[in-house]
Amino acid sequence: MDYSKLFFFLICLLSRFLLSFSASDQVNSFQSVPDLEKSMYMAIDGYPCVRLLNLSGEIGCSNPGRANVVAPVTRFKIANKLAEPSALLVSMDQFEDLFARLSIDADFSRHVVGVLVESGSQLQHGLKGFSPDKKFPQAEFAPYQSGKFEWNPTGSGLMWKAYNFPVFLLSNSSTLALQEIALRNEKRKKSYTVDVADFDLVMQTTKSGTRDSEFCLREQTCLPLGGYSVWSALPPIIASSSKKAKPMILTVASMDAASFFRDDSVGADSPISGLISLLAVVDALSHVDGLGGLDKQLVFAVFTGEAWGYLGSRRFLLEFDQHSDAVSGLDLALIEMVLEIGSVGKGFTQDDKTFFAHSTRESATNGTISALKDALGSLKTQSIKISRASKSNPGLPPSSLMSFLKKNPETSGVVLEDFDAAFTNKFYHSHLDDLSNINSSAIVAAASIVARSLYILASDKKEINNSVLNTININASLVEELLGCLLSCEPGLACELVNRYIAPSTSCPSHYVGVVLGEPSSQPYLGNVGDVSRFVWNFLADKTAVPSKNMSSACPKGCSGNGEMCVKAETDGKGVCVISTTRYVPAYSTRLKYKSETWEVLPHNSSDTMGEADPVWTESNWNMIRLRVYTVQDTKFDQLILLLGITVTVLSYIIIVISKAFITKALKRD
């Protein structure tokens, strides 16, 4: 009996020792709950497809209900059948095949609860093209009836449909991790564990049941798409000047792109190549003496929201009707012609170095075409050409100039593009329209032609001295720097050029338009203005400026002189006072009105011909969008463990009862 007690004591001591050792090891491994979570869950980086709404319904992606979507990660194969709800891992070359099958195979689509899209470097070389936009983007806004024309032959229209499951574009590192997980799941077909993806993409509009823009704005579960456009005059327009106002030449470009994936809207060729070209043009002309003595005033405008119903250009024109401070100094009646720099980043495709001029009316734009050709001639290069777009085209390609034509059909305008009858950009409004999709030399060439042609046009047919034109040269280093700042994460918006003007909120640039925060104003709270808009405003204000007499004044309060404003204030909190005519212009739907801190949808105004087609785009609210992967046990295995546990418990009870009876009988015998 004494030996049994000693044995029992040793067992207890050993168990306690092992337990304390195990606990100590656990404490060393997991110092906190986040440490434990990191060991259990793998956070996945990438870009979500999000839910957007308009007056007639929804597009984009969202969870079907309020709960997270959790499903095993399975690689998509053209011929595979799904036996259970799955999160499909799909390569870009199979992306359109997957969505085509989802639209026709109800049994297959019922089991797809999430899609994970692989990314990778140099994907463009292996694809014939990928554009989730329509074959005629925004045809409803065109000033002509030819909606079946295919400006964008690779367009699939996928981004304009609604999907009741989450879709997530993976980062390069996450792609490798998910490929390993999918492979591991394939090998574990008879195993009791499986790796699942957990999509946390619940959006508040879906929760509230507000299924269109009017309802969600009323319930305040969404915000309108939009932001801030920028315009500037070179040289500045002094409002109090007694001189007669000059005719104006307006040069425009866009700064926003679209994509199936909200925060990966790069838009390298369409439209950022045009934006960079315009910035380079302003820089080149800012070094030319005597611009104030020219017969015409140069004005530059950069619009945002153009990918979503030409929000920027339409609102810009409406500001004239409302006599807004945002367009103070401009007169719509004095704008003689509009020159738009469109997609110019692929102007040097293979051996062909041709830019195409798409014009409104041939007779009204002959002078502009001549100026472009004269400018090209002054460059003394035989390899680059300017050609009129084909007369067989139905009209202008998708462009901001369409808004001006809708406002005034007599508008004289030209759009400079790198294509004739169809986009050369095979990745229009796609995340694949990145830095590798364009040629910096083409942007420099387009900027050179535009800068010199603007000087010729502003001289109003006076004989131009070639020696003056030869002084107008594009800074190729600036173009390269802008490419790195606006189209790459390294250095991205953390580059020296951008940091000379603003303090960006992020380094990776995305040219998605975003949403309008707070009350729209011509002097907005800068926290509500996107990084790119703030950079463009400061850049244009600086380049078009005349030095102020109050250079030593405290900025911005000291910039009180006529036409004075403060630039570079974000960088050191002080800034510099300059004389410049540079303005922010709110960009949002002309069908919306901000009143008492809420948005109201206005009835259609018959004088706004584009308003009838305006979808009034809004974006759902959400707190967090994330994706993670972790390992779970099969439910059948859990049931087996439960059954075994019950069996062990019952057997243990029976053994205890029998042992107790045996011991009691033995003790009585003693």
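Helices (H or I, at least four residues) and strands (E, at least two) are here DSSP runs, numbered from the N terminus, and the expected span of a helix is 1.5 Å times one less than its number of residues. The model is predicted, so that local features need pLDDT of at least 70 and side-chain atom pairs count only at pLDDT 80 or more, while totals for chains, interfaces and linings use all residues. Residues are numbered from 1 along each chain as its sequence is written, and side-chain values use heavy atoms, with hydrogens and water left out.

**The whole protein**

With everything displayed, the protein has 18 helices and 27 strands. Of its 670 residues, 50% count as buried (under 20% relative accessible area; exposed is over 50% and partly exposed lies in between, with a 1.4 Å probe and protein chains only).

**Helix H8 and helix H12**

Select residues 268-286, which form helix H8. H8 has 19 residues and reaches 25 Å from its first C-alpha to its last, close to the 27 Å expected at 1.5 Å a residue, and 18 of its 19 residues are buried.

At the start of H12, a side-chain oxygen of Asn439 comes to within 2.8 Å of the backbone nitrogen of Ser441, and after the helix follows Asp460, whose phi is positive, near 55°.

With both helices shown, the axes of H8 and H12 come within 8 Å and cross at roughly 50°; axes are lines fitted to C-alpha atoms, for helices over the stretch in contact, and angles run from 0 to 180 degrees between N-to-C directions. That makes H8 oblique to H12 (angles under 35 degrees count as roughly parallel, over 145 as roughly antiparallel, 65 to 115 as roughly perpendicular and the rest as oblique). The residues that make the contact (heavy atoms within 4.5 Å) include Ser273, Ile276 and Ala280 of H8 and Ile443, Ala447 and Leu454 of H12.

**Helix H14**

Next, select residues 476-487, helix H14, whose axis comes within 10 Å of that of H12 and crosses it at roughly 125°. H12 and H14 are therefore oblique to each other. In H12, Ser440, Ile443 and Val444 meet Ala476, Val479, Glu480 and Leu483 of H14. Continue past H14 to Pro491, in the loop between H14 and helix H15 (496-499), where a cis peptide bond with omega about 0° joins Glu490 and Pro491.

**Loops to visit**

Most residues other than glycine have a negative phi, and most peptide bonds are trans. Select Pro235, in the loop between strand S12 (227-234) and strand S13 (248-254), and inspect the peptide bond from Leu234 to Pro235, which is cis, with omega near -5°.

Tyr310, in the loop between strand S14 (297-303) and helix H9 (311-321), has a positive phi of about 50° although it is not a glycine, and at 3% relative accessibility Tyr310 counts as buried. Lys568, in the loop between strand S21 (564-567) and helix H17 (569-572), has a positive phi near 65°, and with a relative accessible area of 24% Lys568 is partly exposed.

Finish at Asn393, in the loop between strand S18 (385-388) and helix H11 (401-407), which counts as buried at 10% relative accessibility. Leaving aside neighbours within four places in sequence, Asn393 is in contact with Phe149, Trp151, His358, Asp420 and Ala421.

Terms used: Polar contact = N/O pair within 3.5 Å; in protein donor to acceptor, adjacent residues only side chain to side chain.
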